[in-house]
Amino acid sequence: MSNISAKIIGAGFGVPEKILTNKDLEKLVDTSDEWIKSRTGMSERHIADANTATSDLATIAALRALETAKISAEELDVIIVGTVTGDMFFPSTACFVQNNIKAVKAAAFDLSAACSGFIYGLSVAKAMIAAGEAKTILVIGADCLSKLTDWTDRNTCVLFGDGAGAVILQATEEAAGILSTYIFSDASKTHLLQVPGGGSRKPFSEEVLKDKSNYIKMEGNEIFKNAVKGMERAIDSALAKAGLKYEDVSLVIPHQANIRIIESIAKRMKLPAEKVFINLDKYGNTSSASIPIAISEAYATGRLKKGDILVITAFGGGLTMGASVIRWSI
Ligand code: UT7
C-alpha cells in the first residue's frame, strides 16, 4: 500500500441568500412550525432563486476553499462534484466550476450518490492521491434539491434546502488527513427515494408534467430506519479501518437530515452533545452539501482543531451510505 495520504488544506461553503422559514411553509402546505421543529429539528433553509444553478453555489464554495487553503486554482489536478441536481444533464457541473474558477490544469467530473455524494467523492479523491494520479483535488458537495421539490407535497417540501460545500485535499506523507473511508450501497431499496421522471427511463413529457414524476418521491419512515442502521454500520466500519474507537472521536458530523436520526447515532456512540455538530436548524437537508457545509462551519468557528479526530457519515437515495475518519490537520 502506498504511504501517501490525503489531508484537507482548506474548506468553504456557499448558500443562496433567500431564506424560507417554517412559517413561510405554513402558507404553502398543511404543516406547522411546531411539527417541522419537533419531527426534524429544522427552522429555516436557503433556497436558490430562478437564476441560480448548482454550479453557482459550488463556485462560491470552491473559491472560499481555495482562499482558506491559500493555493491558486491552477494547482488543482482534479475537481469532483457530488451532485444529483447538475445544471444540465451534460456538461458536468464540475466543468462549469472549472471554467468559473479558472482551474485550467484540472480534470473535472460529477459523481452521483445523492446525499452521500460528498463522502463518495472524498473516497475517490483519497484513492487517486494514494495511487499517485493527482496531488491536489477539489471535492465539492452541491445540490439545489428545491428545483426537484413538489411544493404541494408536505412530506418532502419541508425538508430540503440548497447549498454547496467544498474541501481541498492534498497529498502528504504525514500520518494525517483522511485516515479511512468506507462506502457502500443497498440497491434493493432504490424505490424509497427517487425522482422517477425526466431521465432516460421516462423522458420529460406532458405526462411527466401531469403526474409530477419529475419531483422527489420519498418513503420517509423507511428511509429513517435505513439511515440509522446504515450510518451506524458505516461509522463502525470506518473507525475499524482507522484502528480507532468511539472514545477517540473529537467531533462527529452526520448528514443533516433529521435531528432524531442524529440523536439516535449520538446515543449509540455515547457522545456528549458538544461532540456532535448540528446546523440543520439553519440549512435543512442540503443533500451532498450538508457535510462539507458543516465541516466549513465547524472549522471557521473553532469546533475543529489541529489533531482532532473527525468522523463524517452520510446516507441518501440509492440507497448510498458511507463514513470517513479524518485527523484534522489545519
Ligand atoms: O437525505 C435523505 C432524505 N430523506 C430523509 O432524510 C427522510 C428521513 N425521514 C424523516 O426525516 C422522517 O420520516 C420525516 C420527517 C420525513 C417524517 O417524520 P415521521 O415521524 O417519520 O412522520 P410520518 O411519516 O410517520 O408521518 C406522521 C404524520 C402523518 O400523518 P398521519 O398519517 O399519521 O395522519 C403524516 O401525514 O405526519 C404527517 N406529516 C406531516 N404533518 C405536518 C407528514 N409531513 C408533515 C408535515 N407537516 N410537513
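Which residue just after H11 takes a positive phi? Gly302 does, with a phi of about 80 degrees. The notes below cover this and other local features.

1. Basis of the model. The structure is a predicted model, in which local features need pLDDT of at least 70, side-chain atom pairs count only at pLDDT 80 or more, and totals for chains, interfaces and linings use all residues. Residues are numbered from 1 along each chain as its sequence is written, and side-chain values use heavy atoms, with hydrogens and water left out.

2. Helix H11. Helices (H or I, at least four residues) and strands (E, at least two) are DSSP runs, numbered from the N terminus. H11 is mostly covered, with 9 of its 11 residues buried; buried means under 20% relative accessible area, exposed over 50%, and partly exposed in between, for a 1.4 Å probe and protein chains only. The buried residues of H11 include Ser290, Ile291, Pro292 and Glu297.

3. Tyr299 and Trp328. Rings of Phe, Tyr and Trp (its six-membered ring) are paired if their centres lie within 6.5 Å; planes under 30 degrees apart count as stacked, over 60 as edge-to-face and the rest as tilted. By this rule the count comes to 3 aromatic pairs. One of them joins Tyr299 and Trp328, a tilted pair with 5.5 Å centre to centre and 55 degrees between the planes. Because Tyr299 lies in helix H11 (residues 290-300) and Trp328 in the segment after strand S13 (320-327), the pair ties together parts that are 29 residues apart in sequence. Tyr299 is partly exposed, at a relative accessible area of 26%, whereas Trp328 is buried, at 2%.

4. Phe184 is buried, with a relative accessible area of 11%.

5. Packing of H3 with H4. Two packed helices are described by the angle between their axes and the distance between the axes. Axes are lines fitted to C-alpha atoms, for helices over the stretch in contact, and angles run from 0 to 180 degrees between N-to-C directions. Helix H3 (residues 54-69) and helix H4 (residues 93-101) pack at an angle of about 50 degrees, and their axes are 9 Å apart. H3 is therefore oblique to H4; angles under 35 degrees count as roughly parallel, over 145 as roughly antiparallel, 65 to 115 as roughly perpendicular and the rest as oblique. The crossing of H3 past H4 is right-handed, a crossing being left-handed if the near helix is turned anticlockwise from the far one by less than a right angle, and right-handed if clockwise. In contact (heavy atoms within 4.5 Å), H3 contributes residues including Ala58, Ala62 and Leu66, and H4 residues including Phe96 and Val97. By class, this contact of H3 with H4 has 7 nonpolar, 5 polar and no charged residues; Ala, Val, Leu, Ile, Met, Phe, Trp, Tyr, Cys and Pro count as nonpolar, Asp, Glu, Lys and Arg as charged, and the others, Gly among them, as polar.

6. Packing of H8 with H9. The axes of helix H8 (residues 220-242) and helix H9 (residues 259-268) cross at roughly 40 degrees and come within 10 Å. The crossing of H8 and H9 is right-handed. Among the residues that meet are Phe224, Met231, Glu232 and Asp236 in H8, and Arg260, Ile261 and Arg268 in H9. The contact of H8 with H9 divides into 7 nonpolar, 1 polar and 4 charged residues.

7. Surroundings of Ser146. Ser146 lies in the loop between strand S6 (136-144) and helix H6 (154-157), and counts as buried at 8% relative accessibility. Leaving aside residues up to four places away in sequence, Ser146 touches Ile47, Ala48, Trp151 and Asp162. The C-alpha atoms of Ser146 and Gly161, 15 residues apart along the chain, are separated by 6.4 Å.

8. Backbone points to inspect. A cis peptide bond joins Phe90 and Pro91, with omega about 0 degrees; Pro91 is in the loop between strand S4 (78-82) and H4. Another cis peptide bond joins Gly318 and Leu319, with omega about -10 degrees. Ala114, although not a glycine, has a positive phi of about 50 degrees and is buried at 15% relative accessibility. Lys270 has a positive phi near 55 degrees and is exposed at 74% relative accessibility.
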